[in-house]
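Reader: I would like to learn how to read a predicted model with care. Could you take me through it feature by feature, giving the general idea before the case at hand?

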Amino acid sequence: MNTFGWTRRVAIAAATATLAFGGIAQADGHQVLDDVHFLIPGGAGGGWDGTARGTGEALTGAGLVGSASYENMSGGGGGVAIAHLIENAASLENTMMVNSTPIVIRSLTGVFPQSFRDLTLVAGTIGDYAALVVNSDSELQSMDDLLAAYRADASGFAIGGGSVPGGMDHLVAAMAMQAAGEDPTAFNYIPYDAGGAAMAGLLSGEIKALSTGFSEAVALAQQGEVRILGVTADERVDAFADAPTMKEQGIDTTFVNWRGFFAAPGVSDAQLGKFQTALTQMYDTPEWEEVRARNGWVNIHNNGDDFRAFLENQEKVIGDLMKTLGFL
Amino acid sequence: MLEGIMIGLGAAFSIQNILMVVAGCLIGTFIGMLPGLGPMSIIAIMIPVAITLGDPAAALILLAGVYYGAIFGGSTSSILLNAPGVAGTVATSFDGYPMARKGQAGKALTIAAVASFAGGTIGAILLVIFAPVLSSVALRFHSAEYFALMVVGLSAIAAFAGTGQVAKALMMTILGLILATVGEGALFSMPRFTMGLLDLQSGISFITLAMAMFALPEALFLVLNPMRGASGDGASNKITNLRFSREEGKAMIPVIGRQSIQGFFIGVLPGAGATIASFLGYAVERNIAKGDEQAEFGKGSVKGLAAPETANNAACTGSFVPLLTLGIPGSGTTAILLGALIALNVTPGPRLMIDTPEIFWAVIISMFIGNLVLLILNLPLIPYIAKILAIPRNYLIPFILFFTLMGAYIGQNNATELLMLVGLGVMATIFRFADYPLAPLLIGFILGTMLEDNFARSMQLYRGLDFIIERPMTLGLLVIALVLVLLPSYRARRARKRAEGVADGD
């Protein structure tokens with residue numbers, strides 16, 4: 001669903017031309033990179049698109065990077081962009097691709113043949129927790145109530161989500177059920193094609209509970225439309241401290257839908273170092289704080305090797321669960 | 001509420017906001033004219049600009065203007081080039097393009113503009129009156145009802161089953177439904193019919209298929225048949241003439257009245273939207289039209305053009321109900337609008353109208369200004385736009401091909417789309433030679449995904465087909481669909497019998 005290919009490139013060229021002069025004065029000596037090209041595996045307006053453009057805006061605004069350009073390349077659930085990054089690695093030295101939890105899930109299910117191991121890991125930068133929510137006029141007040149209702153009629157208990165069966169929203173709900181000692185395969189998972197459609201399904205009473213992203217749930221919880229029963233964070237999140245965590249209700253499960261950046265395989269250590277320095281320094285800038293607050297993102301920074309360890313752990317947890325659920 | 005409207009009036013008529021609505025409509029209508037650039041991509045690009053404004057009301061007025069401006073302008077390429085750029089304007093090409101081929105391009109564009117204006121304006125009136133209470137209506141619809149609504153939408157194919165083509169139309173619809181299953185659907189974690197090709201993983205893109213079915217064969221036919229004039233088959237060369245006759249105007253009024261209301265209410269449903277509204281509008285108007293008028297549908301009927309154009313603009317306005325009063329986006333475009341609002345620290349939902357009436361009402365009132373601006377802007381331009389068809393054919397054909405290829409490419413930035421476009425275009429050309437109607441294929445394709453998703457969800461929720469009996473509204477909609485399909489053939493048979501009876505009487 002992208003955008004203006006050529007028109008935008010003209011605009012970017014024009015912007016780059018002006019930035020080339022302005023940039024030097026602005027950078028006051030701490031510019032790390034001349035330019036970064038962001039590869040976005042989905043269309044304009046999606047989560048990946050917002051993350052790449054927001055990060056680019058903060059990096060250039062703070063003078064850490066001279067200029068940023070963006071390219072949307074949808075297709076294959078992100079697979080087309082991954083293949084592009086690998087096949088054309090030699091000419092993509094200054095390219096960073098944005099991605100998130102689905103890269104782990106989709107390489108497990110074999111949607112695309114590659115995995116994060118085929119790319120150079122730069123850093124995980126932000127994240128969003130997941131949440132189970134109910135309609136605010138629902139009789140379910142806590143995870144205990146939800147589990148009680150589930151025990152009473154497991155197969156009639158419909159939990160919806162904005163992903164395919166075996167996708168992120170389904171896995172989060174199954175994870176919570178498993179941690180609570182219930183059978184994660186028994187509930188009736190109802191998939192919707194987008195988070196908004198799933199939310200409409202919840203409000204219309206078609207489904208009893210919804211598995212969704214925390215930030216999406218907060219927007220509606222503030223309006224009094226939904227109640228958040230449990231968040232998959234270690235501790236209550238400042239953005240909406242009324243929402244209890246799964247952990248404090250005795251359900252030992254946490255989950256972060258991370259977003260982060262990857263570079264082409266075989267990119268030089270010097271270049272990788274510059275990418276990582278720029279992103280690390282970005283967190284302390286007011287420009288980043290503005291972008292982050294505006295989007296309601298949570299800073300969850302995992303650099304290089306930490307990122308690898310985090311991804312390997314997530315891959316194991318998700319892989320085990322998917323085997324239990326029969327998706328692998 | 002009245003107080004809120006007064007605040008909104010004041011805000012909407014500030015100089016800044018009038019500038020915003022004019023700018024939004026201008027950008028929307030011009031970019032909407034180009035096939036391939038739907039409102040979604042334009043709005044996504046405009047978001048940084050809107051956020052820089054800082055004022056949520058101004059930002060939303062600008063983006064909303066781009067949205068309905070793009071729907072307004074989207075009809076142009078459908079009518080002139082048979083190249084619907086967004087799904088919501090596919091039905092516009094059913095009668096708009098035949099009208100342009102008769103040498104009445106100017107008239108067709110004028111009718112589209114007037115119908116769009118009326119749909120948008122009546123939609124905005126309904127929004128002022130009903131927005132506060134309609135949010136609960138939007139939630140009455142479950143997956144079962146959406147499934148039934150898609151079935152009603154499919155009955156629009158009955159319009160193409162005329163003149164003994166019932167079997168052909170049905171076959172093409174089924175082919176469209178089959179094409180819609182390609183890729184990884186929302187309900188299955190497995191890719192279907194992708195033949196292992198990564199490029200088919202997300203399915204066939206709408207824009208590629210639309211260009212391949214409509215625009216590409218049309219351009220090929222112009223090449224293959226040198227006698228076929230680009231500006232039309234008719235002798236009339238008044239392509240720049242804007243006027244429609246008094247009778248045509250009279251015929252349009254009831255259509256516009258019905259379709260702006262029907263379209264608005266379909267737009268209010270978060271799972272429906274402008275596309276469904278335009279197909280349903282076309283199907284309903286064709287079925288209630290009488291004899292000769294009905295036979296005109298598909299051949300350049302004034303009613304057949306006015307119906308989808310009114311309905312899609314009214315539906316676009318209606319889609320602001322779930323967005324503003326529930327915080328639920330019904331489409332990709334409104335999802336981006338929601339993102340922009342949240343970025344500006346405005347959370348749409350039931351409290352928006354109470355907490356920040358100046359934003360809520362200013363946006364709605366700006367729609368009246370916006371629609372007027374669009375009409376004033378578009379009418380004087382029509383003669384110039386229509387003149388595109390007067391370009392000599394050796395320049396026009398490459399022009400059409402360029403827009404067709406560009407439309408398919410810029411959607412995804414993926415060169416494989418071009419190969420698919422050509423392949424599907426060749427297929428469509430063969431179908432046209434064999435006299436198969438192509439519109440049912442596209443209708444089947446567009447509705448197929450939603451039909452299947454909602455059907456599968458209902459099956460899963462009710463563990464079977466019980467939802468048809470247990471939900472009266474579902475049953476009611478399915479009965480309407482049956483009537484819409486059967487009525488035309490019943491009428492045709494009755495007319496034939498009567499004709500035979502007269503013959504016997506002699």
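Reader: Which residues have the most contacts inside the largest nonpolar core?

Author: In soluble globular proteins, nonpolar side chains tend to be buried together. A nonpolar core is a set of buried Ala, Val, Leu, Ile, Met, Phe, Trp, Tyr and Cys residues joined through C-beta atoms within 7 Å, where buried means that 20 or more other C-beta atoms lie within 10 Å of a residue's own, with C-beta atoms placed from the backbone. In this predicted model, the largest such core has 272 residues, and Ile43(B), Leu63(B) and Leu442(B) have the most contacts inside it. Its largest share, 23 residues, comes from helix α6 (residues 90–138) of chain B, helices being DSSP runs of H or I with at least four residues, and strands runs of E with at least two, numbered from the N terminus.

Reader: Why does this core lie between domain 1 and domain 2 of chain A?

Author: Both domain 1 (5–119 + 264–296) and domain 2 (128–255) of chain A give residues to the core, so it lies between them; the domain bounds come from an automatic or database domain assignment.

Reader: What is Leu442(B) in contact with, leaving aside its neighbours within four places in sequence?

Author: Two residues are in contact if their C-beta atoms, placed from the backbone, lie within 7 Å. With those neighbours left aside, Leu442(B) is in contact with Val90(B), Gly176(B), Leu209(B), Ala210(B) and Met213(B).

Reader: How many residues of chain B are in contact with chain A?

Author: On chain B, 42 residues are in contact with 48 residues of chain A. Of the elements on the chain B side, α15(B) gives the largest share, six residues. That side divides into 20 nonpolar, 17 polar and five charged residues, with Ala, Val, Leu, Ile, Met, Phe, Trp, Tyr, Cys and Pro counted as nonpolar, Asp, Glu, Lys and Arg as charged, and the others, Gly among them, as polar.

Reader: Which residues are buried in helix α3 of chain A?

Author: In this helix (residues 79–87), Gly79(A), Val80(A), Ala81(A), Ile82(A), His84(A) and Leu85(A) are buried, and the buried residues of α3(A) pack against β1 (33–40) and β3 (95–100) of chain A.

Reader: Where in chain A is the pLDDT below 50?

Author: The pLDDT is the predictor's confidence in each residue, from 0 to 100. Chain A has a mean of 86, with 91% of its residues at 70 or more, but over residues 1–28 of chain A the pLDDT is below 50. Where pLDDT is low, the predicted coordinates should not be read in detail.

Reader: What conventions should I keep in mind?

Author: Residues are numbered from 1 along each chain as its sequence is written, while chains are lettered from A and ligands numbered from 1 in the order in which they are written. In this predicted model, local features need pLDDT of at least 70 and side-chain atom pairs count only at pLDDT 80 or more, whereas totals for chains, interfaces and linings use all residues.

How values were computed: A residue is buried if 20 or more other C-beta atoms lie within 10 Å of its own, exposed if 12 or fewer, and partly exposed in between; C-beta atoms are placed from the backbone.
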